[in-house]
Amino acid sequence: GQVVYSIAEETERGASVGNIAKDLGIDAATLSARKCRMITGSSKQYFYINASTGALSVNEPIDREQLCELKSACLLSYELVLENPLELYRMEFKVLDINDNSPSFSLSDYHINVPEFLSPGARFTLPNAQDPDEGTNSVQNYTLSPDEHFHLEMQTRGDGSKYPELVLKKALDREQQATHRLVLTAKDGGDPPKSGDVPVIVTVLDTNDNAPEFEHSVYRANILENSPSGTLVVQVHATDLDEGPNGEVRYSFSNTTSADLQRMFLIHPHTGEVTVNGILAVQRPLLEMLIEARDNGAFGMSSTAKLLVEITDVNNHGPEITITSLSSPIPEDAVPGTVIALLSIMDKDPGENGKVTCQIPDNLPFQLKPSLENYYSLVTSGLLDRELISGYNITITATDLGSPPITTQKTLWVQISDVNDNPPVFSVDTFDVFVEENNPLGAFLYQVSASDPDIGENGRVSYMLRNSTIAGSALASLLSVSLANGSIYAKCAFDFEQLRSFYFQVEAKDNGSPALSAAITVNVYISDQNDNAPAILYPISQNGSVAVEVVPRLADEDYLVTKVVADDEDNAQNAWLSYHLAHSSDSTLFHLAPHSGELRTTRSLRSTDFLKHKVVVVVRDHGDPPLSSTVTVGILLADTLPQALPDFDDSGEPPPLLNATNIYLIVSLACVSCIFAAFLLFLAIVRL
C-alpha cells in the first residue's frame with residue numbers, strides 16, 4: 001500500500017493533512033492496539049498521526065528550501081508500521097513550494113570599473129540573484145534603475161541559462177562624472193512577486209579598454225567522486241588583446257560561486273588549471289561554478305565563464321542494514337511464513353552502485369522476502385523445534401552491484417520460545433516390581449521417572465495413579481505415588497495367599513496447557529514368606545479327641561494303617577512338606593513314609609502285641625525357619641469294628657490286668673460258676 005499527500009511548505013503546526021486510516025482502508029479503532037508508528041530517515045518528525053482516529057497533521061512546519069535545497073521535486077518518504085499482524089505501508093509527502101523567499105545577491109554592492117574611452121555598446125557582467133524557490137517563484141527578470149549612460153540586457157549562455165549584462169549606451173566622460181550609482185533589481189514570478197536589489201557602483205576609468213575573453217563561455221568536465229586532492233578537473237583559457245600588464249590575465253572563482261565549491265576546488269591564478277581540493281562531499285551530480293578572468297591593467301577588466309563539473313559516482317558506500325522491527329522470541333510452533341523481522345537496506349550510491357542484493361545462509365529455516373522498495377521481510381520457511389535448537393544467529397549479508405561490490409553483514413539473534421509439544425517419556429513401557437508379603441505400611445516399592453524435553457511449566461512432570469480395581473479394592477487403598485518424584489509406596493501389607501500379583505498404571509503429566517501425559521505399566525509380584533504352618537487334612541481330630549484307626553489283629557508286614565494328608569498355603573519350598581514320627585507307643589511296630597505320609601506296619605502283628613497303640617505324627621515345611629503341625633493317631637488292633645471305641649490315654653501304655661473292672665468281672669464269673677456247679681450237683685443228687 002502507498003499513499004501520496006501534497007502539502008505546502010510552512011504550513012502551520014496542527015494543520016490537517018489527511019486521515020491515514022481512511023485513505024489506506026484501515027480500521028482506525030485498531031491503530032493503537034497494533035502499535036502504529038511512522039518511520040522516516042529524517043532527523044525531524046514533520047508529521048503526527050493520531051492513533052485513535054488515524055488523523056494525520058503537521059507536527060513541525062517544513063522549510064522546503066532548507067530540506068530539499070535545489071531539487072526540483074521535494075518528497076518526504078515515511079513508512080507506517082503496524083503490528084499483529086506486521087504490515088508496512090509507504091507514505092510520500094510532496095512539499096509544494098510557496099513564494100516565501102525573495103531574490104538576493106551574494107554581495108552587498110557590486111563595483112564595475114569602466115574606461116571612459118569605451119564606445120557605446122560595451123558590455124559588463126552583472127551579478128546573478130539567487131532565489132531558493134522553484135519554478136515561477138524563482139528569479140524571472142531583472143530591471144535596472146534609469147540612467148542615461150547604461151541600460152540592461154539579458155544574455156543566454158550556451159547551456160540556456162540567462163544572465164544580466166550592463167550595456168553602455170552613451171559614452172562616458174570621467175571629468176563630468178567619475179562614478180555612476182545604479183540599482184539592479186531581481187524579481188521572481190510569485191503572486192505577489194518578491195524582489196531583491198543590489199547597488200551597482202560604476203567607476204569610470206580612462207585605461208585598459210579590452211577585457212579578457214574565454215575560449216568557451218561554458219566549460220564542461222567529468223571527474224570521479226573519489227578523485228584525490230590535486231586531480232586536474234579542467235584548464236580554462238582567456239585572452240586579452242591588450243599588451244603588457246593590461247593583457248596579463250589572472251583567474252579566480254567569481255564571487256557568485258558558493259563558498260563550499262570554492263573550498264572544494266582550486267584554480268591556479270596564472271595557468272587557469274582547476275584542481276580538486278579535499279573530499280568531494282556533495283550529493284548533487286552536477287556542480288556549477290563561475291570563473292572570472294581579469295587582466296592586470298590599472299583598471300582591470302574581467303569576463304566570466306561557466307564551469308559545469310559532473311561528478312561520476314563510484315561505489316564508495318556500503319549497504320546500510322537497519323532493523324525496523326524484530327519479534328523475538330518466537331514460539332516453536334510458528335507456521336512457515338511467519339514474519340520475524342522487517343529490514344530496511346539502503347545504499348547512498350546512485351545507479352547500479354546503489355542497487356543491493358540481500359541473502360541469509362541456506363541452512364536456516366528462514367528466508368528473506370522483498371517487501372516494499374528497499375525493505376525485506378524475514379519470515380520462517382520451515383518448522384522450528386526448540387528442543388533441537390533454542391535460538392538462531394541469522395547473518396544478513398547485503399551486497400551492492402558496484403564494481404568492486406561492497407558487502408555489509410548484520411547478525412540477528414532470534415530466540416525460540418517453548419510450547420508444550422512433547423509429552424513426558426518413560427524409559428520403558430512396563431516394569432516389574434517384587435515385594436515380600438507382610439511388608440510394613442508405607443514401604444517403598446519403586447520410583448518411576450519420566451523426562452520431558454520442554455522447559456518451565458511445560459517440562460515439569462507430576463505423577464498420579466490411574467484409577468483401577470485390584471481384587472475388588474480400589475488401587476488408591478493399596479498404593480500411593482509421590483506427585484513430585486514418582487515414588488510408589490504401599491498403603492497396606494500384602495498377603496501372598498490372598499494376592500500373588502497385580503498390575504497398575506502410573507500416569508506422568510506435564511504442567512503445560514493443554515497438558516500432555518504418558519503412562520507406564522507396573523507389574524507387582526508378591527513373594528511368599530513362610531507364615532503358614534501345615535494344615536492337617538486327615539486324620540481329623542474332633543473336639544480334642546484322638547483319631548482312631550482300626551487295624552486287623554494279625555495284619556501283615558507293611559500293612560497301610562493310615563495316610564496323613566496335610567496342606568500348606570505357602571508357596572515353593574515353604575509348602576514342601578515332610579512327615580516324621582514324633583512319638584510311637586511301639587517304635588518297632590510302625591514306620592512313616594517321610595514324603596507321602598503313609599503309616600505302615602514294620603512287621604506282621606502277633607497275638608501278643610498290645611491291642612491299643614498311639615503315634616504322634618509331625619508335618620514340617622521347608623521354610624526358613626520351618627513351621628510344623630502335629631496329629632495324634634490312635635491304633636486299635638481288632639478284627640471287627642467294636643461298638644464303642646476305647647479311650648486312648650496320653651501315655652499310650654497297655655492298661656493293668658487287675659483294675660476295678662476286671663475284678664468285678666472275675667468275681668461275677670466265679671459266682672456264676674459256683675451257682676452252675678451247685679445246680680449240677682443238685683440234679684445228680686435228685687437222680688440218684
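Reply: Let us begin with burial: a residue is buried under 20% relative accessible area, exposed over 50%, and partly exposed in between, with a 1.4 Å probe and protein chains only. The model is predicted, so that local features need pLDDT of at least 70 and side-chain atom pairs count only at pLDDT 80 or more, while totals for chains, interfaces and linings use all residues. Residues are numbered from 1 along each chain as its sequence is written, and side-chain values use heavy atoms, with hydrogens and water left out.

Me: Is R386 buried or exposed, and where does R386 lie?

Reply: R386 counts as buried because its relative accessibility is 10%. Helices (H or I, at least four residues) and strands (E, at least two) are DSSP runs numbered from the N terminus. R386 belongs to the loop between β29 (375-380) and β30 (391-400).

Me: Which side chain does R386 contact?

Reply: A polar contact is a pair of N or O atoms within 3.5 Å; within protein, one must be able to donate a hydrogen and the other to accept it, and residues adjacent in sequence count only if both atoms are side-chain atoms. The side chains of R386 and E387 form such a contact at 3.2 Å. Another polar contact, of 3.1 Å, links the side chains of E507 and S517. E507 sits in strand β41 (residues 501-510) and is buried, because its relative accessible area is 14%.

Me: How many disulfides does the whole structure contain?

Reply: A disulfide is a covalent bond between the sulfur atoms of two cysteines. Here the criterion is a pair of cysteine sulfur atoms within 2.5 Å, and a search of the whole structure finds 0 disulfides. For C671, the closest cysteine sulfur is that of C674, at 6.5 Å, which is too far for a bond. C671 is partly exposed, at 42% relative accessible area, whereas C36 is buried, at 15%.

Me: Where does UniProt place the "transmembrane region"?

Reply: UniProt positions are given in the numbering used here, feature names are shortened, and annotations may be inferred rather than shown by experiment. The unreviewed UniProt entry places this feature at residues 663-686. That span is 100% helix and 0% strand, with its end C-alpha atoms 35 Å apart.

Me: What do the spans 322-426 and 427-536 contain?

Reply: Both spans are among those that the unreviewed UniProt entry lists as "domain: Cadherin". Residues 322-426 are 0% helix and 50% strand, with end C-alpha atoms 48 Å apart. Residues 427-536 are 4% helix and 47% strand, and their end C-alpha atoms are 49 Å apart.
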